[in-house]
Amino acid sequence: MRRHLGLWLYLAFSLVVLAICHYQALTAYAQLVLMFIGINIILSSSLNLINGYMGEFSCGHAGFMAVGAYVSSILNVWLFTSHKVFGPPVLSPSSAVYLFPVTLLAGACAAALAGLLVAFPSFRTRGDYLAIITLAVNYIVKSSVENIQVIGGARGFMGMRKVIEEMEAVWRIPWIMLWILVFTGLTVWVLHRFVSSSYGKGIVAIRDDEIAAEIMGVDTRRMKVAAFMLSSGMAGLAGGLFAHILGYINPGTFTIMKSTEVMVMVYLGGMGSLSGSVLSAVVFTLILEVLRPLQVIKWVVIPLLLILLMLLRPEGIMGNRELTDVFPGLRRWFSAPKGT
Amino acid sequence: MALLEIRKLTHYFGGLRAVANFNLRLEGGELLGLIGPNGAGKTTVFNLVCGFYKPTEGEILFQEKDIAGLRPHAVTAMGVARTFQNIRLWNTLTVFDNLCIAQHFRLGYGLADVILRTGRFTTRERHVRRTAEELLEIMGLRHYAGEHPGNLPYGMQRRLEIARALATQPKLLLLDEPAAGMNPGEIDQLVETIRWIRESFALTVWLIEHHMRVVMSVCERVQVLDFGETIADGPPEAIKRDPRVIQAYLGSEELSHA
């Protein structure tokens, strides 16, 4: 029991959240904020793998999010609803209940493949030059989507709401919240296992000294492909979930602004700290909402807060540490899984 | 079967010839020194052997397989490990993790095993950790297991680099100026260590060194490079008296006072 305490606690938390949502004990707005927190946790912790653990500077995370969002949305609309372009549903609409996670993962796989667009150049370039490439990939994705008229082009794509309605017609539970809870937990869990294994620490060796890593037996190319695909796949997952919250996406959502927002969360939380990324995603989403009454001034206040943070605590909330390093007492309860 | 055979190795950096017609045959078990003035091409030879550069011409046969042009991690996997002239440890990882990651190429599990935490992952990871612990013990680094390498005394960092190379379970160990920056006490300890690991790990050691005390007391055979060319090859006593070597080192009195 104690070994999996974190898992049990998360399960309990998820059940409570689902129950609250199911009985409408929370306003729709509060539910929405909760969902965005989940999405932001996926985005920031997955980007931390590249920018924190591997020490590269990826600023195109929103591009991969867009790939996941579009692929899973199109699949769902095509398979389960009647659409003016894609025609009548291919499968029975009620099967969306079982197949929703499958299409979501298909979106994630597509995003992981898009991650190769960055992974291959990363064999030869790194640092600032690779950052430019990630920026370019972000633009390539956005412009491609804008120019494919079948999926709405710049006007955006909708119809995902109907998929959720079909799912709710079968069984009336808060589906989107359910899947966000599942995949947020899964992302953090997978990343935690990855970075705490000798295999995953290979990417930290690349950050510290890439030449030494390659010469001392780390297949740096394979590790880069693994890291970029894992990270962009998870961004795609976040994108797919994001698309189904509002039921509408357009390319303008997935610009460099969105990528920057994710980067801010990573640096706020601390590079190379998974618990930092989770914490900062929660804090950042809440700050955005708390400052909403300020309207436009919000975008003056938030950058100002960032400048202050960088001046006073440049390593972010957690620095390079995890929660278990700050409070060693936690280790008794949440032992970092080790091979021993 | 020769452990390492290098034939007519030549390497150019643009128009500059760094290594010219370098030949070597190691049967296995030797302790070979590579010396020469600064810029003679010694480190380039090491970089060629470990796969960091692809040679312009020539063959590098390790256990009769051509390794010229293989990527470095693949060469390491075949049994060639090295240390670096300027220490290159992974400084944000612990000393213990440094030794674990050096076994990366033979972890024997993949991404799926990591995520699902399969039985293979658990047994292999346990094996990796045990190997690292053993090395900490025998190299006298146990005390520093949880430290970051940058906080270690200089001599200990050098030791850790050797331990990390040993973690790859090499057949051939390349040491690039292992005594650089060490004080006399540390050098004596290093000489002992080199002799000892060669015996206990049944290794072939090939080292570049400027400290003649180390070269003369440790090596059984010494090769001298100057401007990329081999100018002498033989036992240390003969090398000391070789007129061409003295010529190459003229102005530096290291040799005659060694």
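Before I look at any pairing, I need the rule: two strands pair if DSSP finds at least two bridges between them. The strands themselves are DSSP runs of E with at least two residues, helices are runs of H or I with at least four residues, and both are numbered from the N terminus.

A note on what I'm looking at. This is a predicted model, where local features need pLDDT of at least 70, side-chain atom pairs count only at pLDDT 80 or more, and totals for chains, interfaces and linings use all residues. Residues are numbered from 1 along each chain as its sequence is written, while chains are lettered from A and ligands numbered from 1 in the order in which they are written.

**Entry 1**

I looked up S9(B) and strand S10 (residues 229-234) of chain B, and they pair in the antiparallel sense over 5 bridges. They make a hairpin with 2 residues between them, and B:Phe227 in the turn has a positive phi of about 45°. On its other partner, strand S9 (residues 221-226) of chain B runs parallel to strand S3 (residues 31-35) of chain B, with 4 bridges.

Which residues does B:Val222 bridge to? I found B:Gly33 as a bridge partner, and B:Gly234 in S10(B) as another.

Then I stepped back to the whole sheet: it is open, has 6 strands in the order S6-S7-S8-S3-S9-S10 (chain B), and its pairing is mixed. Strand S6 (80-82) and S10 of chain B are at the edges with a single partner strand each, so each has one side without a neighbour in the sheet. Neighbouring strands are turned by 20° against each other on average, direction ignored. H1(B) packs on this sheet and touches S3, S6, strand S7 (172-176), strand S8 (204-208) and S9 of chain B. Its direction makes about 145° with that of S7(B). For angles like this, axes are lines fitted to C-alpha atoms (for helices over the stretch in contact), and the angle runs from 0 to 180 degrees between N-to-C directions. Contact has a cut-off too: the C-beta atoms of two residues, placed from the backbone, must lie within 7 Å.

**Entry 2: the sheet of 4 strands, chain B**

This one is also an open sheet, with the order S2-S1-S4-S5 (chain B) and antiparallel pairing. What are the edge strands? They are strand S2 (16-26) and strand S5 (65-66) of chain B, each pairing on one side only.

I checked S1(B) against S2(B) and found 7 bridges, antiparallel. B:Tyr12 stands opposite B:Arg17 in S2(B). The hairpin of these two strands has 2 residues between them, and B:Gly14 takes a positive phi near 60°.

**Entry 3: two helices in chain A**

Helix H4 (residues 96-119) and helix H10 (residues 220-246) of chain A pack at about 140°, with axes 7 Å apart.

**Entry 4: where chain A meets chain B**

How many residues does each chain bring? I noted 25 from chain A and 33 from chain B. On chain A, helix H7 (175-195), helix H8 (198-208) and helix H9 (210-215) each supply at least two residues. The largest share of that side, 8 residues, comes from H8(A).
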